[in-house]
Structure formats: C-alpha cells, structure tokens
Amino acid sequence: MNKVGAVLVVGGGIGGMQAALDLADSGFLVYLLDRKPGIGGMMAQLDKTFPTNDCAM
Amino acid sequence: MNCDVESVTGGEGDFTVRIRKRPRYIDPAKCTGCAVCFTHCPIETPDAYNLGMDVVPAVSINYQQQVPRIFTIDRDICLGCGLCFEVCEARAVDYLQKEESEDIKVGSIIISAGSELFASDTKSEFGHGRFKNVLSCLEFERMLSASGPYRGLVLRPSDGREPRKLAFIQCVGSRDARAGKDYCSAACCMYAVKEAVIAKEHLHDLQPTIFFMDMRSFGKDFDKYVDRAKEGGVRFVRSRVSNVEENLHTNTLIIKYETEDGAFHTEEFDMVVLSAGLSAPQTAEELSKIFGIELTEFKFAKTKELEPLVTTHPGIYAIGTFQGPKDIPETVTQSSAAASLSSAALAEARGTLITKPVPVEPIDTRGQAPRIGVFICHCGINIAGYVDVAQVEEYVKSLPDVVYTERNLFTCSQDTQEKMKQVIKEKGLNRVVVASCTPRTHEPLFQETCEGAGLNSYLFEMANIRDQCSWVHMTQRKEATEKAKSLVRMAVNKARRLQPLERLRFPVTKKALVIGGGLAGMTAAIGTANQGFDVCLVEREKELGGHLRHIHFTLSGENPQEFLKNLQYQVTQNEKITTLLSSRVKKIDGFVGNYKTTIETPKGDVEFDHGVIIVATGAKEYKPTEYLYGKDPRVLTQSELEQKLANSEKDVTNANTFVMIQCVGSRNDEHPYCCRFCCTQAVKNALEIIKRNPRANIYVLYRDIRTYGMRELAFREAREKGVIFLRYEQEEPPSLEGKNGKLFVSAKDPIIGEKLRIPADYVVLAAATVPYEDSAELARMLKVPLNEDGFYLEAHMKLRPVDFSTDGIFMAGLCHFPKFMEESVIQANAAVARACTILTLEEIEVPGTIAEVNRAKCSACGFCELVCPSAAVKVKEEVDRRGNILRYAEVTAALCKGCGSCAASCRSGAIDIKGFDNSQVMSLIEAF
C-alpha cells in the first residue's frame, strides 16, 4: 500500500495548529481544516493566559 | 476554512476524505480584508464570538486578527441588499458562490475539534441568562479583553458601574452527576484564579472571592500562582454554592453559603462569574460516525490510558479538549505528540508531497548608496485611530535617502507582501523600513518578504508605532503623531547603516541521544526510531524502566508491568536503538545538529555523534522523615503499599484500618509544589485494598483532593465504597504516635470540629516526588536551566512545554515535573515530534545577528564568557609560531542568540553584535 505523505488535522484551534506546524516542519503536507471561517478556536476568545499574562491572541 | 468533513474512507496510511467547503460568498483570492463591506452592511446580529454581548453585521470576520483575514457573509441573516457588492473595490463579493466538495488523500488524521463550554444557563439556580450581572467565564474573558465589547473595562452589565465585590462559583457543570457531568474539567480552578487576578489588575479596588470545593492547582508553578493570588487580595472560600439570588432593585446578587464549620453566611456581590466546565462538542456524535471512532460516556473521544491519543480507529488520533477536558499546556503537548504518532506510520513518505520554495536570485547591494523605502501601516484603527498616518508619511518623504513611501491598511497582509516585493524590484530599494507593530511577531514575516524579492533580510528595519506609540498614547493624537515621526526617523537613520548579513549553515547529524531509560526515555527512543532515526539510549541503572517498575495498577485496569515488559522488548529489539545500561553521560560538546557526547559504560567510554538530545532522567520519591517512616515497618509510602498489594502480602490484605496521609514532603516550604498524581494514587490504592478486603477501613487525610479530569469518577467511587476523606490545614497537620505497640493517628475533622484518634494498622504516606540531586550536574553539562524547585525549565510553559530554550534539547517525563504515566508517554512523543523538526532538516541555519570579536581590541578579560547565557563565547588560548601566547574571545556562532550581554559588558569595545553594533544603536539615539 502506498503511504500518503499527508495528514489531515481537523480543527484549527491551538491543538490543531501546533500539530500542523510540527508535521509541516518535519516534511509532511498538512490539511488544516476548521468549520469556522478562521483559525484560532476557543483560545482566540480568551483575554490573557496565565502565568505569563501573554495575550491569548 | 469554513469546511466540514463529509466522509472518510480507506484506512491507516491511505485515507480518502471528502471535504465540504461552505461558501463565504466572498472570493478569498480577491478579498484584501479591508473591512469596507463590514462598515456598510445595514444588518446587525448578536456576535457569537463575543457571546452575544455585542452585535456584528451580516458580513464580518470573527475578530480583527483572524487568519485568514477574509470576510464571510452569513447567508442566514443577509438581506441581499447588494451594498457590500457595490462598495467592495476588490470586487470580491459573489452571492452566487456555491458549496463545493473536494476529495483529499491523507495518511493519518488528527481530530482536534475542541469542546464547548457547559451551558451554565441550564443550571437556572445560578441565574445565568436571567440575572444581568451573572456571567459565564467566557463572557467575562470577553469583558476583560481590550478588544472586546467592554473594551477591557470591568463593569456591571445592569448599570455600567464598576463592581466592588465579584464572586466566582466553581464547578458549574463539573463534578455534578445531576447535570450528567460527573468529571472534573481540570482547567477551571486555574482559569478562575487567573480571571480574578487580571480583573483586579483592571480594577484595583475589586474584591474577588472564589467559592470552591478543592483547589486543583496541580500543575507546574500553579500552587505558587494561587498563593500569589491570595497575597494579592483574592479571597478563597471553601464551599459549594447551591444557588444565586438577585435583589431586583439593585441587580445585586445574594449568595448564601455554608462553611465547613457548619455556619451559614449570606453575602452580597455586585457580579458573579460562573466557572463553567468543558463539555464535549455538540458535533461529537456526528464526528464519531463520520470518522468511525468511539466516544466515552461523556461523549469525548475514547482513547486508551497507556496508548493515549489513539482512537478506536487506527490512523486517527484525538487531541485537546475533544479527547477530554484539559488546559492549554496539556493540549499543546498532546498536539506535538500526535504529530509524531500520526507520522510514524508515514515516515517512508516524508517529504514526498511538500514543495520547496524556489530560491530567489539575491541582489548585490555592495557599493550602493542607501535607497530606503518606508511602508507605514494603519493597522486598521490600531494605529490610524490615534496617529495621523498621512502626516507621518508626508514627514518621512522629506528624510534624506528615502526614495519611496507608502501607506497600508495592513502592511502584514498577504497582498501587501506581494506589492512590497514588486516595489523593491521596481524602485531598486536596498533598505526597507516598516513602521507598524512589533518586530517580536512580525519581523520574520517582513524579512521573508525582502528575501522573496532578493533583498538580504538584514537590510530591513522596523519602527514600532503601535505598541510603543498608538497603544500607549491613545488620548494624545498630536503628541502620538510627533512621536511616530521620531520613531520612523530613528529607524531610517539606522537603516542607512545596515549591512547585509550571512546566515551560517551547518549540517545536521540525524541521530538522537536519549538520556534516561524510564517510561519517557523508552517511549522517546521508540518514537524517534519509528520516525527513521538512530537513537542512543543511556540509562544509569542496570535495567530499563525507571519509576515505572514500581507501578502495578491503573484506574482503568491496565497492567503497567506488562506494558513495561512490552516497552523493554520494543527497545531492545529495535535495530535503530542502541541501549547502554549502567552508563552515564560524561561529556557533551557541540551545538544543535552537531553534538558529540562521551558516555561512560562498564566496557569503557563510548563516543556518540548526534543532532538532538531528549532529557528523560526522571525523578525520585522523597524519603519521609515524618510520621515514624523508617522507624516503624507499618509506616509505608504509597509505592511500597502498591508493591505489597501486588505481591498479595497477607499482612496488608488482612489489615483492618489504613490511614493515608497526603502531601508528605510537598506543598511545604522545602518543596512548595503539588506532586500531581498522589491524590489519584491514594484513591487507586484505596480501591485496590477494598477489592481484596471490602471491610477495610480507609481514611484519607488530605489538603485538597486533586483527582482532575476523568479521575474524579474514581474519587466518587471511593467515597461510595466507604473511604473516608478528612481535610487538614497546612498549619494543623495530622500527627502520629506509637503507643503500646499500636499506631494512632490524630487528625482534626473540620466538620465536627473535634480531633479524631484513629488506631491504624498501616499508615500510608503520599511521599513527594523530588528531583534527583545530580540533575544540576547534567543541567550544567547541557547548559540548560532548572526552575526554583529543581526541575528542568522549559522554554515557555504554555507554548513550548517540551523544549528547552537552548535549541536542540528537549525534555519529557518526571524530570520536567511530576505527572501520570499517560502524561509521560504524551510528553515523550511530543519531544520526539519537536526533535524531528530538527532531525529532518538538511542544514541548520543560524541567524546573522550574532556576536563578533575584533581580536585586535580584545584583552581576554573573560567578562563576556561570564555573562553569556548561552555559553556561546569563550576565551581561547593559542600559541603562535613564535611561541607567543595569544588569548582572545571566540564566538561559537551556532550557540549565539545575539542577546548583546557580551557587547554591553566588554570594556575594550572588542565584541559587538552584527546588525546591532555600537554605531547602529548610536544612530538611533542620534536621530531621536
């Protein structure tokens, strides 16, 4: 069976984005899919994250 | 984007996925994100992103920074008036856009579909949706956001006044069997404390109170954060609030609560925030059907405890809150882990589908006079709302050497990048200045754009007229505009002095060194080998296994010892893994991609060349000095108890009364942190005792019960089976006395208010997990930092949880912080994924902005070596052919981060940072 060098990531929140980046950085084609018109997920709605008080965006 | 998965066929290694692309009614190729349509649309609808606290037109973008910045029309509310079509200068609106389907072929699938916040309005007793001043945690986040509907002002929705007293109610929709959410959502304790702290930053006189049952601050530095919050004025009340009432005239909220001593209190609050739990998304059932994966009883993706992230459908992985409630660091670790797990099976197909960018012919700028192009950004309204950008542009035109200026709505948008490349070529620019936001986030983007036009990326300079100007001078337009002019003038002056810089390239040794052969080490070794790389695994004991050798049971009934044997077999059988037992790392030289390590083995020293290092050295169990441990054989640690239960020792299985004492040696001054797994371990062992002897009396004396996530169900089971949980305060710990050959534990029952004296057959201590003393030695060898508690310090707690700041070194397992077996497995796989981003490179590139030594000026004083945090500069000694001893500082380019500490410390002016040298930095000050 021919292995396909691509991975589908369903969900473009912080989880999907990190997985997509690591996969792409190691040589795989990534399809990053989200049902919303943009990525970011729930984390994009948060104000600041602890402990560094970085803005969630 | 705007897509759903319709169907999945095929199997692991070769899936065909049908994607349904829903129409935006806007052409993504044409849309520039200018927002003109947004400002003209006549319709208003509640903004889902702001949870209905604001309105948004029919054509919109979720939030200003959305990627991709392409607008979408919500057909359900669009009138079809045609206004957006008329005003769009890019002609991007297309009402006739249709839904499309596309089939894609992939080898693996990772599902990160997220979760939904529990609908706290379904618990009507809290008044969410009825009482104006009761908000959910996410609504409160939107209120706190500077870009949110309240612009970051904390105000009561009912009357717009500043609240004084704010209450947080924990566990809304968690630890709640009646609501069908028996589990703990794992993140709410911490996010509530965070919201309380941030709210107090916004409003100094605010008095936040958090009503909780157990404070589940079990993560790295979490307890410290909570303690700081307490010191900062956040009040914690241990009580489960059952309902909230409202004063109809003032819209103030009334909470009646009972404290542990049985007293009832009534208190008024101006606002209440409900810490809602994390529930599986409503689409979970649908996703389960489409992907053919099973769900748990709570509709999260079902995965196995010791094979985490793997769903019931081979080739499909589930991560993040879709897999179960968790916080951001756990999710990020799981994401990286899934990247390596999902790609292991596809390792042979690596690189087959990616396209390499075509290198651009570089422009030779030598000998040219500076020709500076300045791009000034409006940043939507972020800059233009507070600075007169047109005036700034007029001024900049007058500066010498500036041959081109341009204003952009969003200089960072994709179409502007294309335009910039064209302009660079057409106008023959050899310096580019962008006046916009922060180089921290955007410098790499613009540098890439310059490279794309053939211009050396170091001929680029940024002026931050957003964070350093418009954002901090919002009420002083005239002054802000003058300051923006100054900032651009400074950047232009420096740009004149910029020189093209080389990025050095080094080859990468495609091998990995894994230090430590416990659960994390073995998992990392296997993972890296599965990706196709050779591994050397070094373990100082004579067998593999580490702490895993002492674990015999799990809550889900899996067999850790079988699992251990399986791992040991996999490691020893794998041709790509060289295992060195009874061995220690002696010396490590080199830098990322090019390490040379000497390992001391029983057969002599072994040299190993490798590109990356994964540190998995574990941690040890604290040997208690408290509670007669070591003096009385009936006082055990939890691991010792577990061993005896596994051996079916009659003394233990026949014993009548067990008293378990939690937090022994932890959450104190010596080890001010939580050891994360001990509460669950106590519950697990209690249940194991009951299996063997249903009539055993078990008391668990605790400070907080931290059985987070699904482990909460085991806590409930233990209580149902008669285990008695008694809380104690840090200031009043239980005491143990041996009298007449018997053991008696004295502890105060907080509910009765009386001291109990429990005769115990066995006293079981939850001994802390502490770092090995020699982790400091390894840290020195690796040149990596430890945190205050002696555990390895990661690059960023949330976003880079397995990376060290030093490139090429990663960590996993207990050496990072105490954690569960499944968490070690996940972290180890994450370290593999991160390591592979280096191992898969052909060459490693070092930025050009690094230190450089002028040997003629160097006095070899060694100060630079002393202050360098990356150990990148060392004083070298050599003898020339005349026998003279020459001493000078030398920089190892690959290690240098360009921080400038050396340049600041050098008394001779011999060392300087390329791209930020003295004359360049002085030019900024001269121009100011």
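How many residues does the contact take from chain A and how many from chain B? In this predicted model, 46 residues come from chain A and 69 residues from chain B.

**View 1. The side of chain A that touches chain B.** The elements giving two or more residues to this side are strand E1 (6-10), helix H1 (14-25), strand E2 (29-33) and strand E3 (48-49) of chain A. H1(A) contributes the most, with 8 residues. By residue class, the side of chain A that touches chain B comprises 23 nonpolar, 15 polar and 8 charged residues.

**View 2. Strand pairing between E1(A) and E8(B).** Strand E1(A) is joined to strand E8 of chain B, residues 108-111, by 4 bridges. The two strands run parallel. Within this pairing, A:Val9 stands opposite B:Ile110 of E8(B).

**View 3. The fold of chain A.** Chain A contains 1 helix and 4 strands, and their order along the sequence is β-α-β-β-β. The radius of gyration of chain A is 14 Å, whereas the globule rule gives 10 Å for 57 residues; the chain is therefore more spread out than a compact globule. Along the principal axes, the C-alpha atoms of chain A fill a box of roughly 50 × 25 × 10 Å.

**View 4. Burial and contacts in chain A.** Of the 57 residues of chain A, 67% count as buried. Among the contacts in chain A that link residues at least 6 apart in sequence, 30% join residues at least 24 apart.

Terms used: Residues numbered from 1 in each chain as written. Chains lettered and ligands numbered in written order. Predicted model: local features only at pLDDT ≥ 70, side-chain atom pairs only at ≥ 80, totals over all residues. Contact = placed C-beta atoms within 7 Å. Nonpolar A, V, L, I, M, F, W, Y, C, P; charged D, E, K, R; others polar. Pairing = 2+ DSSP bridges. Rg over C-alpha atoms; globule rule 2.2 N^0.38 Å. Buried ≥ 20, exposed ≤ 12 C-beta atoms within 10 Å, placed from the backbone.
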